[in-house]
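Visitor: Could you walk me through this model? I'd like to ask about a few local details as we go.

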Amino acid sequence: MCGIVGYAGYRDCTEVLMEGLSRLEYRGYDSAGIAVFEDDTIRVAKSKGRLADLTEKMQEEGRPEGHAGIGHTRWATHGEPSDRNSHPHGGGCVTIVHNGIIENYKKLKEFLLSKGRAFESDTDTEVVAQLLDYYYLNSPGNPVDAIIRTMKELEGSYALGVVFADFPDMVFALRKESPLIVGVGEGENFIASDVTAILRYTKNYYLLEQGEIAVLTAKKATIYDTHYQKIQKELKTADWDISAAEKCGYAHFMLKEIHEQPTAVKTTITPRITDGMPDLTECGITPETLLKFRQIHIVACGTAMHAGIVGRYVIEKLAHVPVNVDIASEFRYREPLVGEGDLVIIISQSGETADSLAAMRLAKELGAKTLAIVNAKGSSIAREADMLIYTHAGPEIAVASTKAYMVQIAVMYLFAFELALANGSISEAECRRLTALLQEVPEQIEHILAHKEMTQLIASELITADSLLYIGRGLDYALSMEGSLKLKELSYIHSESYAAGELKHGTISLITENMPVIAVATQTKLLEKTISNIKEVKARGAKVIVVCKESYGLEQDVADLRFSVPDFEDILMPMLAVVPLQLIAYYTAVHKGTDVDKPRNLAKSVTVE
Ligand code: AGP
């Protein structure tokens with residue numbers, strides 16, 4: 001959840017670290033800090049709050065000047081956000097930054113206390129710094145040895161950037177579970193939690209694998225295994241350029257990413273369509289493989305899980321194969337009935353979500369085949385899955401997911417079409433028709449984006465609400481879950497999504513004139529039913545906002561406000577109707593003045609349980 005960077009080179013290290021951290025701040029933003037070699041002393045600057053607070057502090061107190069160092073932006077796990085708990089943390093001659101959780105830190109702390117060591121923070125990270133120093137003092141002059149000995153003691157997840165006072169201008173790094181890359185430049189090398197942090201300087205990088213250790217100087221980056229043997233690694237090249245990680249004139253990353261959705265859909269589906277038909281062979285999926293599965297489980301978290309719920313409706317409707325959707329943190333602990341003959345689909349933007357990764361590993365252990373639908377290239381989930389479909393959304397920087405969700409559902413459609421064709425549930429002609437319609441979706445989204453003004457008006461009506469309900473039936477219910485999550489994570493207004501038909505079984509008691517209701521109604525077969533439910537809440541005083549198809553002639557008293565989406569095939573409507581829901585959440589947050597791209601308490605990549 002935290003972001004880490006490291007640099008060894010010829011540039012102003014503080015500037016490189018701060019630039020890198022600004023790209024990683026979406027991973028956590030409770031506090032930030034850097035440690036830079038000033039000749040052979042390590043100078044630390046850190047502060048509670050955002051990077052801007054650290055910049056301000058350095059303006060007042062002076063900034064470290066040097067050419068090598070490490071940096072961190074934090075999402076607090078152990079110890080409240082404070083200057084004291086901010087990284088980097090030191091222990092003797094060692095200073096470190098850490099992303100992850102050390103599960104056995106209490107035991108290690110007791111051991112170190114018994115050796116007379118004292119601690120300054122409440123973090124698990126400081127324990128690692130002290131332990132590294134403890135082992136280093138046992139074999140002075142050999143930092144990699146101290147790292148290997150420390151790794152043997154650590155339980156949990158970590159990506160660590162380390163500097164030793166005895167080794168000026170060198171940066172050490174190691175990882176287990178938490179992601180870390182090693183960027184390779186000309187006369188400079190980097191470490192980073194993800195590639196966006198170094199794109200300004202280089203596109204070339206190594207992916208650090210479990211248990212590997214990197215040693216960086218300005219001239220070279222050397223990777224070792226846990227037996228201190230050098231490893232030759234494949235140099236990868238990022239296919240994103242720096243503009244993908246910049247706002248490019250948009251007020252927020254989220255708004256930019258909402259507008260990138262048409263392109264993201266095209267880039268994701270085009271390579272998977274051959275002669276007008278879905279073709280996932282490049283991802284290891286053929287009609288023959290698909291026919292082997294008797295049951296499908298979709299496992300994910302948050303927005304990705306909502307994409308899975310759309311997937312369930314679509315797969316069951318078109319391919320008639322049973323689908324369970326599970327929250328990854330529940331799936332992994334409930335002894336799921338999964339085994340041979342099952343396909344477990346893991347959906348994740350980051351490919352690093354701890355619960356999703358653990359769920360996938362469990363599914364494999366139980367004998368199921370796994371298919372990952374992932375956006376971040378080379379991420380852990382992508383690497384460990386049996387089959388893989390990359391979504392090509394480009395980097396998603398805003399903490400609230402928009403374009404990643406869009407392409408996740410685009411892939412769900414392609415998958416459902418291919419499966420339905422393979423098992424004979426739909427004809428070739430129908431498959432071709434649906435695929436052609438899917439290819440038209442980007443144009444439809446463009447149209448919605450060009451007529452988005454109404455979402456601003458709707459948002460201005462919501463800012464005074466304390467609580468909201470989103471309702472819908474079928475695919476509209478699946479969509480209302482995502483609309484509700486977007487609104488609450490961005491604007492901090494409480495909201496719930498309900499199956500419209502379920503309201504009468506209890507929740508309708510909450511309805512008053514102070515509880516607006518957003519009704520999603522795009523499924524023609526269910527329209528009359530949904531309208532009845534809307535009338536029920538209207539009759540009890542609720543202000544109702546309806547997101548529905550253009551052609552629906554709603555009676556005047558049904559909607560107080562209405563956003564019309566173009567008429568399109570019912571089954572594909574989620575890809576259209578989600579856009580106004582994203583925009584409503586976005587503008588509500590803007591009107592309320594909350595931090596749109598970095599909402600309170602959240603982090604983009606949830607790499608801890
Ligand atoms: C969405 O807006 C959230 N930020 C969150 O629910 C997210 O979708 C979830 O944490 C899963 O992340 P992943 O796709 O990277 O696995």
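Visitor: Which loop holds proline 88?
Guide: Proline 88 sits in the loop between strand 4 (68-74) and strand 5 (89-91), and the peptide bond leading from histidine 87 to proline 88 is cis, with omega near 0°. Please keep in mind that this is a predicted model.

Visitor: Noted. What about cysteine 248, what is its phi?
Guide: Phi of cysteine 248 is near 50°, which is a positive value in a residue other than glycine. Cysteine 248 belongs to the loop between strand 14 (236-237) and helix 6 (253-259), and it counts as partly exposed because its relative accessibility is 48%.

Visitor: And aspartate 275, where does that one lie?
Guide: Aspartate 275 is placed in the loop between strand 15 (273-274) and strand 16 (277-278). Its phi is positive, at about 50°, although the residue is not a glycine.

Visitor: Buried or exposed, that aspartate 275?
Guide: Aspartate 275 counts as exposed, since its relative accessibility is 66% and the cut-off for that class is over 50%.

Visitor: Let's switch to the strands. How many residues of strand 8 are buried?
Guide: Five of the six residues in strand 8 (residues 171-176) are buried, so that the strand is mostly covered. Strand 8 is joined to strand 7 (residues 156-164) by five bridges, the two running antiparallel, and it also pairs with strand 12 (residues 213-216), again in the antiparallel sense, over four bridges.

Visitor: What sits between strand 7 and strand 8?
Guide: Strand 7 and strand 8 form a hairpin with six residues between them, and aspartate 169 in the turn has a positive phi of about 65°.

Visitor: Which way do the strand 12 side chains point?
Guide: Ile213 and Val215 point one way from strand 12, whereas Ala214 and Leu216 point the other way, and all of them are buried. In a regular strand the side chains alternate between the two faces of the sheet.

Visitor: Changing topic: how many salt bridges does the structure hold?
Guide: The structure holds 37 salt bridges. One of them pairs glutamate 19 with arginine 200, the closest N and O atoms being 3.4 Å apart. That pair links distant parts of the chain, as glutamate 19 lies in helix 1 (residues 13-24) and arginine 200 in the loop between strand 10 (189-192) and strand 11 (204-207), 181 residues apart.

Visitor: What about lysine 543, which residue does its side chain meet?
Guide: The side chain of lysine 543 meets that of glutamate 461 in a salt bridge, at 2.8 Å from N to O. This pair also links distant parts of the chain, with lysine 543 in the loop between helix 17 (527-538) and strand 25 (544-549) and glutamate 461 in helix 15 (residues 453-462), 82 residues apart. Lysine 543 is partly exposed, with a relative accessible area of 32%, and glutamate 461 is partly exposed, with a relative accessible area of 32%.

Visitor: Last one: which residues make up the patch of negative charge on the surface?
Guide: Asp53, Glu56, Glu60 and Glu61 gather in that surface patch. Glutamate 60 lies in helix 2 (residues 51-61), and it counts as exposed because its relative accessibility is 62%.

Definitions and conventions:
Residues are numbered from 1 along each chain as its sequence is written. This is a predicted model: local features need pLDDT of at least 70, side-chain atom pairs count only at pLDDT 80 or more; totals for chains, interfaces and linings use all residues. Side-chain values use heavy atoms; hydrogens and water are left out. Patches are made of residues with over 30% relative accessible area and no salt bridge: like charges are joined within 9 Å, nonpolar side chains (Val, Leu, Ile, Met, Phe, Trp, Tyr) within 5 Å. Accessible areas come from the Shrake-Rupley method with a 1.4 Å probe; for residues, only the protein chains shown count as cover. A salt bridge is a side-chain nitrogen of Lys or Arg within 4 Å of a carboxyl oxygen of Asp or Glu. Lys and Arg count as positive and Asp and Glu as negative; His and the chain ends are not counted. The place of a charge is taken as NZ of Lys, CZ of Arg, CG of Asp or CD of Glu. Buried means under 20% relative accessible area, exposed over 50%, partly exposed in between (1.4 Å probe, protein chains only). Two strands pair if DSSP finds at least two bridges between them.
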